[in-house]
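Morning, everyone. Please look at the screen while I talk.

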Amino acid sequence: MAKKSLFIRFSLYILLIVVMLLFMGPIIWVLFLSLRPAVTNRTIPPTVIFKPTFEYFYYCFVNPGVSLNYLISSLILAFGSALLSLPFSILASYAISRFKFRGRKFITLFYLSLFFGPPVAYLIPYFLIISRIGLAETYQSMILIYQTFTIPFSILIMKSFFDEVPIEIEEAAMVDGTNRLGALIRVVIPISLPGIIVSFMFAFIFSWNNAVFPLVLSGYSTKPLPIGTFNFFATTGVAWNNIAATSVVTMLPPMLIFLALGKYVVRGLTFGAVKQ
Amino acid sequence: MSKLKHRFLPYLFILPSILILVPVIIYPLGFSLYNSFQHWNLQISPVSQGFVGFTNYINTFKDLTFTQSFINTFKLSVPVVIIEFVIGLGIALLFNENIKGGNIFRAMLIMPITIAPMITGFLFRYLYYKNGLISYLLLLIGVQIPKEGILGNPITAFWGIAFTDIWQWTPFFAIILFAGLQSISVEIIEAAQIDGASFFRLFWYITLPNLKFVILITVMIRFMQTFNLFDIIQAETMGGPGTATRTLSYNLYYEGLVNYNIGYSLAIAWIMIFTIMIIINIFVNFTLKKEEL
(Lines give C-alpha, C1' and ligand atoms only; values in the text may rest on other atoms or scores of the structure.)
Protein backbone atom coordinates (compact mmCIF):
# COMPACT_ATOMS: atom_id res chain seq x y z
CA MET A 1 0.00 0.00 0.00
CA ALA A 2 2.63 2.45 1.13
CA LYS A 3 4.81 1.59 -1.83
CA LYS A 4 1.99 2.25 -4.25
CA SER A 5 1.14 5.62 -2.74
CA LEU A 6 4.81 6.59 -2.96
CA PHE A 7 4.74 5.65 -6.63
CA ILE A 8 1.57 7.70 -7.14
CA ARG A 9 3.11 10.67 -5.34
CA PHE A 10 6.18 10.40 -7.53
CA SER A 11 4.19 10.32 -10.76
CA LEU A 12 2.05 13.23 -9.61
CA TYR A 13 5.22 15.25 -9.12
CA ILE A 14 6.54 14.30 -12.54
CA LEU A 15 3.22 15.31 -14.09
CA LEU A 16 3.25 18.61 -12.22
CA ILE A 17 6.80 19.40 -13.32
CA VAL A 18 5.91 18.68 -16.96
CA VAL A 19 2.91 21.01 -16.65
CA MET A 20 5.07 23.73 -15.13
CA LEU A 21 7.69 23.39 -17.88
CA LEU A 22 4.95 23.83 -20.47
CA PHE A 23 3.61 26.99 -18.88
CA MET A 24 6.86 28.53 -17.69
CA GLY A 25 8.90 27.54 -20.75
CA PRO A 26 7.84 30.39 -23.04
CA ILE A 27 8.38 32.93 -20.25
CA ILE A 28 11.88 31.63 -19.54
CA TRP A 29 12.53 31.63 -23.27
CA VAL A 30 11.68 35.32 -23.67
CA LEU A 31 13.92 36.11 -20.71
CA PHE A 32 16.73 34.18 -22.43
CA LEU A 33 16.04 36.04 -25.64
CA SER A 34 16.39 39.41 -23.92
CA LEU A 35 19.78 38.41 -22.48
CA ARG A 36 21.40 36.47 -25.30
CA PRO A 37 23.75 37.78 -27.97
CA ALA A 38 21.81 38.20 -31.24
CA VAL A 39 24.01 35.69 -33.11
CA THR A 40 22.58 32.87 -30.98
CA ASN A 41 18.96 33.81 -31.77
CA ARG A 42 18.19 31.34 -34.49
CA THR A 43 20.68 28.54 -34.23
CA ILE A 44 19.61 24.92 -34.70
CA PRO A 45 19.46 23.36 -32.18
CA PRO A 46 18.50 26.38 -30.06
CA THR A 47 21.32 27.71 -27.91
CA VAL A 48 20.64 27.29 -24.21
CA ILE A 49 24.04 28.16 -22.80
CA PHE A 50 25.36 31.62 -23.57
CA LYS A 51 27.05 34.53 -21.88
CA PRO A 52 24.23 36.89 -20.84
CA THR A 53 24.40 40.47 -22.02
CA PHE A 54 22.41 43.46 -20.84
CA GLU A 55 23.02 45.48 -23.99
CA TYR A 56 19.39 45.16 -25.17
CA PHE A 57 17.95 46.42 -21.91
CA TYR A 58 20.54 49.19 -22.07
CA TYR A 59 19.61 50.00 -25.65
CA CYS A 60 15.85 49.99 -24.96
CA PHE A 61 15.73 51.80 -21.65
CA VAL A 62 18.96 53.79 -21.17
CA ASN A 63 20.75 54.81 -24.32
CA PRO A 64 19.11 55.73 -26.66
CA GLY A 65 16.19 54.43 -24.58
CA VAL A 66 13.65 53.94 -27.38
CA SER A 67 11.30 52.04 -25.07
CA LEU A 68 11.64 54.48 -22.19
CA ASN A 69 8.93 56.74 -23.64
CA TYR A 70 6.61 53.76 -23.97
CA LEU A 71 7.27 52.85 -20.35
CA ILE A 72 6.38 56.36 -19.21
CA SER A 73 3.20 56.31 -21.31
CA SER A 74 2.22 52.95 -19.86
CA LEU A 75 2.72 54.26 -16.33
CA ILE A 76 0.71 57.43 -16.95
CA LEU A 77 -2.15 55.51 -18.58
CA ALA A 78 -2.31 52.74 -15.98
CA PHE A 79 -1.98 54.98 -12.92
CA GLY A 80 -4.26 57.62 -14.39
CA SER A 81 -7.11 55.30 -15.26
CA ALA A 82 -6.87 53.24 -12.07
CA LEU A 83 -6.93 56.42 -9.95
CA LEU A 84 -9.76 58.06 -11.89
CA SER A 85 -11.98 55.00 -11.51
CA LEU A 86 -11.72 54.94 -7.71
CA PRO A 87 -14.14 57.70 -6.56
CA PHE A 88 -16.78 56.71 -9.12
CA SER A 89 -16.65 53.02 -8.34
CA ILE A 90 -16.48 53.41 -4.55
CA LEU A 91 -19.75 55.37 -4.55
CA ALA A 92 -21.58 53.13 -7.01
CA SER A 93 -20.45 49.83 -5.49
CA TYR A 94 -21.39 51.05 -2.02
CA ALA A 95 -24.90 51.84 -3.25
CA ILE A 96 -25.25 48.45 -4.95
CA SER A 97 -23.92 46.64 -1.90
CA ARG A 98 -26.03 48.46 0.71
CA PHE A 99 -29.32 49.56 -0.79
CA LYS A 100 -32.35 47.88 -2.21
CA PHE A 101 -33.71 49.97 -5.06
CA ARG A 102 -35.54 49.72 -8.31
CA GLY A 103 -33.20 49.04 -11.24
CA ARG A 104 -30.45 47.61 -9.07
CA LYS A 105 -30.26 44.38 -11.03
CA PHE A 106 -30.42 46.23 -14.33
CA ILE A 107 -27.55 48.54 -13.37
CA THR A 108 -25.40 45.61 -12.24
CA LEU A 109 -26.05 43.86 -15.55
CA PHE A 110 -25.22 47.09 -17.38
CA TYR A 111 -21.78 47.23 -15.75
CA LEU A 112 -21.25 43.52 -16.39
CA SER A 113 -22.19 43.86 -20.05
CA LEU A 114 -19.65 46.68 -20.50
CA PHE A 115 -17.00 44.24 -19.48
CA PHE A 116 -18.06 41.67 -22.04
CA GLY A 117 -18.67 43.99 -24.98
CA PRO A 118 -16.29 43.82 -27.94
CA PRO A 119 -13.69 46.60 -27.45
CA VAL A 120 -13.10 46.84 -31.19
CA ALA A 121 -16.75 47.78 -31.73
CA TYR A 122 -16.15 50.92 -29.66
CA LEU A 123 -12.79 51.59 -31.21
CA ILE A 124 -14.08 52.94 -34.52
CA PRO A 125 -16.46 55.54 -33.02
CA TYR A 126 -13.75 56.54 -30.51
CA PHE A 127 -11.27 57.05 -33.32
CA LEU A 128 -13.68 59.27 -35.25
CA ILE A 129 -15.08 61.19 -32.29
CA ILE A 130 -11.85 62.08 -30.50
CA SER A 131 -10.18 63.32 -33.65
CA ARG A 132 -13.20 65.56 -34.28
CA ILE A 133 -13.05 67.14 -30.85
CA GLY A 134 -9.29 67.57 -31.07
CA LEU A 135 -8.36 65.07 -28.36
CA ALA A 136 -6.69 62.57 -30.68
CA GLU A 137 -3.56 60.85 -29.35
CA THR A 138 -3.86 62.40 -25.87
CA TYR A 139 -3.50 60.65 -22.53
CA GLN A 140 -6.73 62.31 -21.31
CA SER A 141 -8.88 60.72 -24.00
CA MET A 142 -7.36 57.28 -23.48
CA ILE A 143 -7.68 57.46 -19.67
CA LEU A 144 -11.34 58.41 -20.07
CA ILE A 145 -11.91 55.57 -22.54
CA TYR A 146 -10.17 53.06 -20.24
CA GLN A 147 -12.93 53.82 -17.72
CA THR A 148 -15.21 51.64 -19.86
CA PHE A 149 -13.50 48.64 -18.28
CA THR A 150 -11.88 49.98 -15.07
CA ILE A 151 -15.12 51.40 -13.60
CA PRO A 152 -17.34 48.34 -14.19
CA PHE A 153 -14.62 46.03 -12.96
CA SER A 154 -13.92 48.08 -9.82
CA ILE A 155 -17.62 48.35 -9.01
CA LEU A 156 -18.16 44.60 -9.24
CA ILE A 157 -15.13 43.67 -7.18
CA MET A 158 -15.54 46.42 -4.55
CA LYS A 159 -19.15 45.39 -4.05
CA SER A 160 -17.90 41.97 -2.97
CA PHE A 161 -15.65 43.64 -0.38
CA PHE A 162 -18.34 46.02 0.89
CA ASP A 163 -20.68 43.05 1.28
CA GLU A 164 -18.30 41.70 3.89
CA VAL A 165 -18.50 44.79 6.11
CA PRO A 166 -21.24 44.23 8.71
CA ILE A 167 -23.95 46.84 8.32
CA GLU A 168 -24.15 47.26 12.10
CA ILE A 169 -20.77 49.00 12.22
CA GLU A 170 -21.87 51.91 10.07
CA GLU A 171 -25.26 52.03 11.72
CA ALA A 172 -23.46 52.51 15.03
CA ALA A 173 -21.55 55.40 13.47
CA MET A 174 -24.79 56.88 12.18
CA VAL A 175 -26.38 56.66 15.59
CA ASP A 176 -23.45 58.74 16.77
CA GLY A 177 -24.64 61.47 14.46
CA THR A 178 -22.77 60.85 11.21
CA ASN A 179 -24.71 60.83 7.96
CA ARG A 180 -24.54 58.10 5.31
CA LEU A 181 -21.67 59.68 3.34
CA GLY A 182 -19.77 60.31 6.57
CA ALA A 183 -20.23 56.68 7.58
CA LEU A 184 -18.94 55.59 4.19
CA ILE A 185 -15.85 57.80 4.37
CA ARG A 186 -15.01 57.35 8.05
CA VAL A 187 -16.06 53.75 8.67
CA VAL A 188 -16.62 51.66 5.55
CA ILE A 189 -13.70 52.86 3.41
CA PRO A 190 -11.05 52.36 6.13
CA ILE A 191 -12.37 48.87 6.91
CA SER A 192 -12.47 47.85 3.26
CA LEU A 193 -9.19 49.53 2.34
CA PRO A 194 -7.57 46.19 1.40
CA GLY A 195 -10.43 45.64 -1.04
CA ILE A 196 -10.00 49.10 -2.54
CA ILE A 197 -6.27 48.47 -2.97
CA VAL A 198 -6.97 45.10 -4.63
CA SER A 199 -9.44 46.79 -6.97
CA PHE A 200 -6.90 49.54 -7.78
CA MET A 201 -4.21 46.97 -8.54
CA PHE A 202 -6.45 45.06 -10.93
CA ALA A 203 -7.55 48.25 -12.64
CA PHE A 204 -3.85 49.10 -13.02
CA ILE A 205 -3.04 45.72 -14.57
CA PHE A 206 -6.00 45.79 -16.98
CA SER A 207 -5.01 49.27 -18.16
CA TRP A 208 -1.33 48.35 -18.33
CA ASN A 209 -2.06 45.25 -20.43
CA ASN A 210 -4.62 46.88 -22.71
CA ALA A 211 -3.40 47.11 -26.27
CA VAL A 212 -6.58 47.32 -28.34
CA PHE A 213 -7.43 50.96 -27.58
CA PRO A 214 -3.93 52.49 -27.78
CA LEU A 215 -3.24 50.60 -31.02
CA VAL A 216 -5.45 53.16 -32.74
CA LEU A 217 -5.87 55.95 -30.20
CA SER A 218 -2.29 56.61 -29.08
CA GLY A 219 0.15 58.80 -30.98
CA TYR A 220 3.88 59.00 -31.46
CA SER A 221 4.57 60.31 -27.94
CA THR A 222 1.74 58.57 -26.08
CA LYS A 223 2.35 54.95 -27.13
CA PRO A 224 2.37 52.44 -24.28
CA LEU A 225 4.77 49.48 -24.19
CA PRO A 226 2.78 46.79 -26.11
CA ILE A 227 2.17 49.20 -29.00
CA GLY A 228 5.68 50.62 -28.98
CA THR A 229 7.00 47.09 -29.41
CA PHE A 230 5.59 47.07 -32.96
CA ASN A 231 8.32 49.55 -33.91
CA PHE A 232 10.90 46.79 -33.62
CA PHE A 233 9.28 44.97 -36.52
CA ALA A 234 11.15 47.03 -39.11
CA THR A 235 11.29 46.38 -42.83
CA THR A 236 15.01 45.77 -42.46
CA GLY A 237 14.40 42.92 -40.03
CA VAL A 238 12.87 42.14 -36.70
CA ALA A 239 14.91 43.22 -33.66
CA TRP A 240 13.88 40.23 -31.54
CA ASN A 241 16.26 40.90 -28.68
CA ASN A 242 14.87 44.41 -28.25
CA ILE A 243 11.32 43.09 -28.46
CA ALA A 244 12.19 40.59 -25.74
CA ALA A 245 13.83 43.20 -23.50
CA THR A 246 10.80 45.49 -23.85
CA SER A 247 8.44 42.54 -23.30
CA VAL A 248 10.22 41.51 -20.10
CA VAL A 249 9.80 45.04 -18.71
CA THR A 250 6.13 44.98 -19.76
CA MET A 251 5.56 41.61 -18.09
CA LEU A 252 7.24 42.41 -14.80
CA PRO A 253 4.81 44.81 -13.03
CA PRO A 254 1.67 42.65 -13.52
CA MET A 255 3.59 39.56 -12.39
CA LEU A 256 4.77 41.24 -9.21
CA ILE A 257 1.30 42.63 -8.50
CA PHE A 258 -0.29 39.20 -8.96
CA LEU A 259 2.21 37.70 -6.54
CA ALA A 260 1.41 40.45 -4.04
CA LEU A 261 -2.33 39.92 -4.48
CA GLY A 262 -2.10 36.31 -3.26
CA LYS A 263 -5.50 34.90 -2.44
CA TYR A 264 -7.35 37.87 -3.97
CA VAL A 265 -6.30 36.82 -7.48
CA VAL A 266 -9.27 34.46 -7.77
CA ARG A 267 -11.74 37.09 -6.68
CA GLY A 268 -10.33 39.67 -9.07
CA LEU A 269 -10.26 37.36 -12.07
CA THR A 270 -13.92 36.45 -11.58
CA PHE A 271 -15.10 40.04 -10.87
CA GLY A 272 -15.86 39.18 -7.27
CA ALA A 273 -18.02 36.15 -8.10
CA VAL A 274 -15.69 33.48 -6.68
CA LYS A 275 -13.93 34.05 -3.37
CA GLN A 276 -11.02 32.17 -1.90
CA MET B 1 -27.40 40.66 4.63
CA SER B 2 -30.43 42.84 4.98
CA LYS B 3 -30.61 45.68 2.53
CA LEU B 4 -31.56 49.25 3.28
CA LYS B 5 -34.38 51.09 1.61
CA HIS B 6 -33.83 54.60 0.51
CA ARG B 7 -35.53 56.56 -2.18
CA PHE B 8 -32.91 58.85 -3.71
CA LEU B 9 -29.57 58.15 -2.11
CA PRO B 10 -28.60 55.01 -4.08
CA TYR B 11 -29.27 56.78 -7.39
CA LEU B 12 -27.23 59.74 -6.22
CA PHE B 13 -24.31 57.42 -5.50
CA ILE B 14 -24.58 55.67 -8.85
CA LEU B 15 -25.07 58.81 -10.90
CA PRO B 16 -21.39 59.89 -11.17
CA SER B 17 -20.31 56.54 -12.60
CA ILE B 18 -23.12 56.69 -15.15
CA LEU B 19 -22.37 60.31 -16.04
CA ILE B 20 -18.71 59.58 -16.77
CA LEU B 21 -19.67 56.57 -18.88
CA VAL B 22 -22.19 58.47 -21.04
CA PRO B 23 -19.57 60.15 -23.29
CA VAL B 24 -17.57 56.92 -23.64
CA ILE B 25 -20.40 54.38 -23.92
CA ILE B 26 -23.79 55.82 -24.75
CA TYR B 27 -22.67 58.48 -27.21
CA PRO B 28 -20.33 56.21 -29.20
CA LEU B 29 -23.03 53.52 -29.33
CA GLY B 30 -25.55 56.03 -30.66
CA PHE B 31 -22.99 57.38 -33.09
CA SER B 32 -22.20 53.92 -34.41
CA LEU B 33 -25.84 52.85 -34.66
CA TYR B 34 -26.70 55.98 -36.64
CA ASN B 35 -23.75 55.63 -38.98
CA SER B 36 -24.30 51.92 -39.55
CA PHE B 37 -27.22 53.02 -41.73
CA GLN B 38 -25.05 55.46 -43.70
CA HIS B 39 -22.80 54.96 -46.65
CA TRP B 40 -19.47 56.29 -45.43
CA ASN B 41 -16.01 55.63 -46.72
CA LEU B 42 -13.45 57.75 -44.89
CA GLN B 43 -11.04 57.65 -47.82
CA ILE B 44 -13.61 59.42 -49.97
CA SER B 45 -15.30 61.74 -47.53
CA PRO B 46 -14.75 62.99 -43.95
CA VAL B 47 -18.50 62.89 -43.33
CA SER B 48 -21.07 60.24 -44.15
CA GLN B 49 -22.32 60.11 -47.72
CA GLY B 50 -26.02 59.52 -47.15
CA PHE B 51 -28.61 57.21 -45.66
CA VAL B 52 -28.71 53.74 -47.16
CA GLY B 53 -31.09 51.89 -44.86
CA PHE B 54 -30.18 48.31 -44.13
CA THR B 55 -27.81 48.03 -47.12
CA ASN B 56 -24.71 47.71 -44.91
CA TYR B 57 -26.34 44.96 -42.88
CA ILE B 58 -27.54 43.09 -45.97
CA ASN B 59 -24.10 43.40 -47.56
CA THR B 60 -22.46 41.57 -44.67
CA PHE B 61 -24.31 38.39 -45.64
CA LYS B 62 -23.01 38.61 -49.20
CA ASP B 63 -19.47 39.26 -47.95
CA LEU B 64 -17.51 36.00 -47.88
CA THR B 65 -14.82 37.48 -45.63
CA PHE B 66 -17.45 38.44 -43.08
CA THR B 67 -19.15 35.05 -43.06
CA GLN B 68 -15.75 33.38 -42.81
CA SER B 69 -14.79 35.60 -39.87
CA PHE B 70 -18.12 34.79 -38.20
CA ILE B 71 -17.43 31.06 -38.55
CA ASN B 72 -13.80 31.53 -37.50
CA THR B 73 -14.89 33.24 -34.29
CA PHE B 74 -16.95 30.26 -33.18
CA LYS B 75 -14.47 27.76 -34.58
CA LEU B 76 -11.83 29.40 -32.39
CA SER B 77 -13.69 30.23 -29.20
CA VAL B 78 -15.69 27.03 -28.69
CA PRO B 79 -12.88 24.43 -28.90
CA VAL B 80 -10.36 26.74 -27.23
CA VAL B 81 -12.55 27.27 -24.17
CA ILE B 82 -13.39 23.56 -23.95
CA ILE B 83 -9.71 22.58 -24.13
CA GLU B 84 -8.73 25.23 -21.58
CA PHE B 85 -11.48 24.07 -19.25
CA VAL B 86 -10.63 20.36 -19.47
CA ILE B 87 -6.86 20.81 -19.00
CA GLY B 88 -7.45 23.48 -16.34
CA LEU B 89 -9.75 21.17 -14.39
CA GLY B 90 -7.15 18.43 -14.65
CA ILE B 91 -4.47 20.70 -13.21
CA ALA B 92 -6.85 21.88 -10.47
CA LEU B 93 -7.52 18.25 -9.48
CA LEU B 94 -3.77 17.63 -9.47
CA PHE B 95 -3.26 20.57 -7.09
CA ASN B 96 -6.09 19.27 -4.95
CA GLU B 97 -3.99 16.20 -4.11
CA ASN B 98 -2.26 18.34 -1.45
CA ILE B 99 1.15 18.14 -3.00
CA LYS B 100 4.04 19.68 -1.07
CA GLY B 101 5.12 22.99 -2.55
CA GLY B 102 1.73 23.45 -4.21
CA ASN B 103 1.82 27.15 -3.34
CA ILE B 104 4.99 27.73 -5.33
CA PHE B 105 3.65 25.74 -8.29
CA ARG B 106 0.42 27.74 -8.24
CA ALA B 107 2.29 31.05 -8.08
CA MET B 108 4.27 29.97 -11.14
CA LEU B 109 1.15 28.84 -12.96
CA ILE B 110 -0.46 32.28 -12.57
CA MET B 111 2.33 33.91 -14.59
CA PRO B 112 0.89 33.38 -18.12
CA ILE B 113 -2.37 35.09 -17.08
CA THR B 114 -0.53 38.25 -16.04
CA ILE B 115 1.04 38.91 -19.44
CA ALA B 116 -0.52 41.42 -21.85
CA PRO B 117 -2.08 39.31 -24.65
CA MET B 118 -0.30 41.44 -27.25
CA ILE B 119 3.05 40.54 -25.65
CA THR B 120 2.04 36.86 -25.52
CA GLY B 121 1.37 37.15 -29.23
CA PHE B 122 4.89 38.49 -29.91
CA LEU B 123 6.37 35.78 -27.73
CA PHE B 124 4.67 32.95 -29.61
CA ARG B 125 5.36 34.56 -32.96
CA TYR B 126 9.01 34.13 -32.07
CA LEU B 127 8.49 30.55 -30.87
CA TYR B 128 6.62 29.66 -34.10
CA TYR B 129 9.41 30.91 -36.38
CA LYS B 130 10.97 28.37 -38.70
CA ASN B 131 13.84 27.77 -36.36
CA GLY B 132 11.96 28.91 -33.29
CA LEU B 133 11.66 26.66 -30.28
CA ILE B 134 8.19 25.24 -30.99
CA SER B 135 8.96 24.48 -34.63
CA TYR B 136 12.22 22.86 -33.50
CA LEU B 137 10.53 20.71 -30.85
CA LEU B 138 7.79 19.66 -33.30
CA LEU B 139 10.41 18.61 -35.84
CA LEU B 140 12.25 16.75 -33.09
CA ILE B 141 9.20 14.57 -32.41
CA GLY B 142 8.66 14.13 -36.14
CA VAL B 143 5.81 16.54 -36.85
CA GLN B 144 6.11 18.09 -40.30
CA ILE B 145 6.04 21.91 -40.33
CA PRO B 146 4.63 23.63 -43.45
CA LYS B 147 7.32 25.15 -45.71
CA GLU B 148 5.94 28.63 -45.14
CA GLY B 149 6.19 28.28 -41.35
CA ILE B 150 3.48 27.70 -38.74
CA LEU B 151 1.99 31.17 -39.09
CA GLY B 152 2.33 31.18 -42.88
CA ASN B 153 -0.11 28.36 -43.52
CA PRO B 154 -3.87 29.02 -43.16
CA ILE B 155 -4.62 25.91 -41.10
CA THR B 156 -1.59 25.86 -38.84
CA ALA B 157 -1.80 29.64 -38.31
CA PHE B 158 -5.33 29.19 -36.99
CA TRP B 159 -4.22 26.51 -34.55
CA GLY B 160 -1.14 28.52 -33.70
CA ILE B 161 -3.37 31.31 -32.47
CA ALA B 162 -5.61 28.85 -30.65
CA PHE B 163 -2.61 27.28 -28.95
CA THR B 164 -1.33 30.69 -27.80
CA ASP B 165 -4.67 31.44 -26.18
CA ILE B 166 -4.79 27.97 -24.61
CA TRP B 167 -1.30 28.45 -23.17
CA GLN B 168 -2.19 31.80 -21.68
CA TRP B 169 -5.62 31.01 -20.23
CA THR B 170 -5.60 27.35 -19.16
CA PRO B 171 -4.03 28.52 -15.86
CA PHE B 172 -7.08 30.78 -15.39
CA PHE B 173 -9.31 27.73 -15.17
CA ALA B 174 -6.76 25.81 -13.10
CA ILE B 175 -6.42 28.53 -10.45
CA ILE B 176 -10.11 29.35 -10.11
CA LEU B 177 -11.38 25.77 -10.27
CA PHE B 178 -8.79 24.88 -7.63
CA ALA B 179 -10.24 27.61 -5.38
CA GLY B 180 -13.66 26.11 -6.05
CA LEU B 181 -12.45 22.60 -5.20
CA GLN B 182 -10.96 23.87 -1.94
CA SER B 183 -14.29 25.34 -0.89
CA ILE B 184 -16.09 21.97 -1.07
CA SER B 185 -16.41 20.89 2.54
CA VAL B 186 -14.19 18.01 3.62
CA GLU B 187 -17.05 16.33 5.50
CA ILE B 188 -19.07 15.70 2.35
CA ILE B 189 -16.10 14.13 0.61
CA GLU B 190 -15.14 12.01 3.63
CA ALA B 191 -18.69 10.82 4.09
CA ALA B 192 -18.82 9.75 0.46
CA GLN B 193 -15.48 8.00 0.77
CA ILE B 194 -16.63 6.09 3.85
CA ASP B 195 -19.65 4.99 1.87
CA GLY B 196 -17.18 3.53 -0.60
CA ALA B 197 -17.61 5.93 -3.49
CA SER B 198 -14.99 5.48 -6.21
CA PHE B 199 -12.92 8.40 -7.48
CA PHE B 200 -15.10 8.80 -10.56
CA ARG B 201 -18.40 8.58 -8.67
CA LEU B 202 -17.09 11.10 -6.16
CA PHE B 203 -16.08 13.38 -9.01
CA TRP B 204 -19.39 13.04 -10.86
CA TYR B 205 -21.81 13.24 -7.94
CA ILE B 206 -20.00 15.48 -5.44
CA THR B 207 -17.26 17.51 -7.10
CA LEU B 208 -18.94 18.60 -10.32
CA PRO B 209 -22.31 19.64 -8.84
CA ASN B 210 -20.52 21.68 -6.18
CA LEU B 211 -18.40 23.37 -8.82
CA LYS B 212 -21.32 24.19 -11.09
CA PHE B 213 -21.46 27.91 -10.30
CA VAL B 214 -17.69 28.39 -10.57
CA ILE B 215 -17.63 26.47 -13.85
CA LEU B 216 -20.42 28.56 -15.39
CA ILE B 217 -18.79 31.84 -14.31
CA THR B 218 -15.34 30.92 -15.60
CA VAL B 219 -16.65 29.50 -18.87
CA MET B 220 -18.72 32.63 -19.45
CA ILE B 221 -15.80 34.99 -18.79
CA ARG B 222 -13.43 33.04 -20.98
CA PHE B 223 -15.93 32.50 -23.77
CA MET B 224 -16.60 36.23 -24.04
CA GLN B 225 -12.89 36.99 -24.01
CA THR B 226 -12.01 34.52 -26.77
CA PHE B 227 -15.07 35.61 -28.72
CA ASN B 228 -13.66 39.16 -28.73
CA LEU B 229 -10.08 37.99 -29.33
CA PHE B 230 -7.98 40.59 -31.09
CA ASP B 231 -4.54 41.20 -29.55
CA ILE B 232 -2.98 37.81 -30.28
CA ILE B 233 -4.14 37.94 -33.89
CA GLN B 234 -2.75 41.44 -34.36
CA ALA B 235 0.60 40.37 -32.94
CA GLU B 236 0.91 37.02 -34.72
CA THR B 237 -0.80 37.04 -38.12
CA MET B 238 -2.73 40.31 -38.62
CA GLY B 239 -5.61 38.15 -39.81
CA GLY B 240 -3.52 36.35 -42.40
CA PRO B 241 -2.38 34.52 -44.33
CA GLY B 242 -5.02 36.00 -46.60
CA THR B 243 -8.05 36.20 -44.35
CA ALA B 244 -7.58 32.79 -42.72
CA THR B 245 -7.31 34.00 -39.12
CA ARG B 246 -9.75 36.91 -39.21
CA THR B 247 -12.25 36.75 -36.39
CA LEU B 248 -15.26 39.08 -36.06
CA SER B 249 -13.16 41.51 -34.00
CA TYR B 250 -10.29 41.49 -36.43
CA ASN B 251 -12.52 41.77 -39.50
CA LEU B 252 -14.30 44.71 -37.89
CA TYR B 253 -10.99 46.42 -37.18
CA TYR B 254 -9.77 45.75 -40.70
CA GLU B 255 -12.90 47.03 -42.46
CA GLY B 256 -13.09 50.14 -40.28
CA LEU B 257 -9.53 51.20 -39.66
CA VAL B 258 -7.59 49.74 -42.56
CA ASN B 259 -10.15 49.90 -45.40
CA TYR B 260 -11.95 52.88 -43.80
CA ASN B 261 -15.40 51.50 -44.69
CA ILE B 262 -16.90 53.20 -41.67
CA GLY B 263 -20.60 52.61 -42.33
CA TYR B 264 -20.08 48.97 -43.25
CA SER B 265 -17.77 48.27 -40.32
CA LEU B 266 -20.27 49.78 -37.87
CA ALA B 267 -22.93 47.43 -39.21
CA ILE B 268 -20.53 44.57 -38.45
CA ALA B 269 -20.02 46.05 -34.97
CA TRP B 270 -23.76 45.96 -34.31
CA ILE B 271 -24.14 42.42 -35.58
CA MET B 272 -21.35 41.48 -33.19
CA ILE B 273 -22.94 43.33 -30.27
CA PHE B 274 -26.27 41.58 -30.90
CA THR B 275 -24.60 38.18 -31.08
CA ILE B 276 -22.87 38.86 -27.78
CA MET B 277 -26.09 40.06 -26.15
CA ILE B 278 -27.79 36.80 -27.11
CA ILE B 279 -24.91 34.73 -25.73
CA ILE B 280 -24.73 36.74 -22.49
CA ASN B 281 -28.46 36.32 -22.04
CA ILE B 282 -28.18 32.56 -22.31
CA PHE B 283 -25.32 32.51 -19.79
CA VAL B 284 -26.98 34.92 -17.37
CA ASN B 285 -30.15 32.86 -17.36
CA PHE B 286 -28.01 29.87 -16.51
CA THR B 287 -25.84 31.39 -13.81
CA LEU B 288 -27.32 34.45 -12.18
CA LYS B 289 -30.97 33.50 -12.02
CA LYS B 290 -30.79 32.03 -8.58
CA GLU B 291 -27.96 34.21 -7.37
CA GLU B 292 -29.00 37.36 -5.63
CA LEU B 293 -27.55 40.12 -7.76
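I'll go through a helix pair, then one residue, then the contact between two chains. Keep in mind that this is a predicted model.

Start with the helix pair. In chain A, find helix α3, residues 68-98. Now find helix α6 of chain A, residues 139-162. Their axes come within 6 Å and cross at roughly 40°. That angle is why we call α3(A) oblique to α6(A). Which hand does the crossing of α3(A) and α6(A) have, left or right? It is right-handed. And what sits in the contact of α3(A) with α6(A)? By class, 17 nonpolar, 9 polar and 1 charged residues.

Next, one residue. Stay on helix α6 of chain A and pick out A:Ser160. Buried or exposed? A:Ser160 has 22 C-beta neighbours inside 10 Å, and the cut-off for buried is 20 or more. So A:Ser160 counts as buried. Which residues does A:Ser160 touch, leaving out those up to four places away in sequence? They are A:Arg267, A:Gly272 and A:Lys275. Now try A:Gly228. A:Ser160 and A:Gly228 are 68 residues apart along the chain. Their C-alpha atoms are separated by 36 Å.

Last, the two chains. How many residues does each chain put into the contact? Chain A puts in 77 residues, and chain B puts in 73 residues. On the side of chain B that touches chain A, helix α1 of chain B, residues 9-35, gives the most, with 13 residues. By class, that side of chain B has 56 nonpolar, 13 polar and 4 charged residues.

That's my part. Thanks.

Methods:
Residues numbered from 1 in each chain as written. Chains lettered and ligands numbered in written order. Predicted model: local features only at pLDDT ≥ 70, side-chain atom pairs only at ≥ 80, totals over all residues. Axes fitted to C-alpha atoms, helices over the stretch in contact; angles between N-to-C directions. Helix = DSSP H or I, 4+ residues; strand = E, 2+ residues; numbered from the N terminus. Parallel < 35°, antiparallel > 145°, perpendicular 65-115°, else oblique. Left-handed = near helix turned anticlockwise from the far one by under 90°. Nonpolar A, V, L, I, M, F, W, Y, C, P; charged D, E, K, R; others polar. Buried ≥ 20, exposed ≤ 12 C-beta atoms within 10 Å, placed from the backbone. Contact = placed C-beta atoms within 7 Å.
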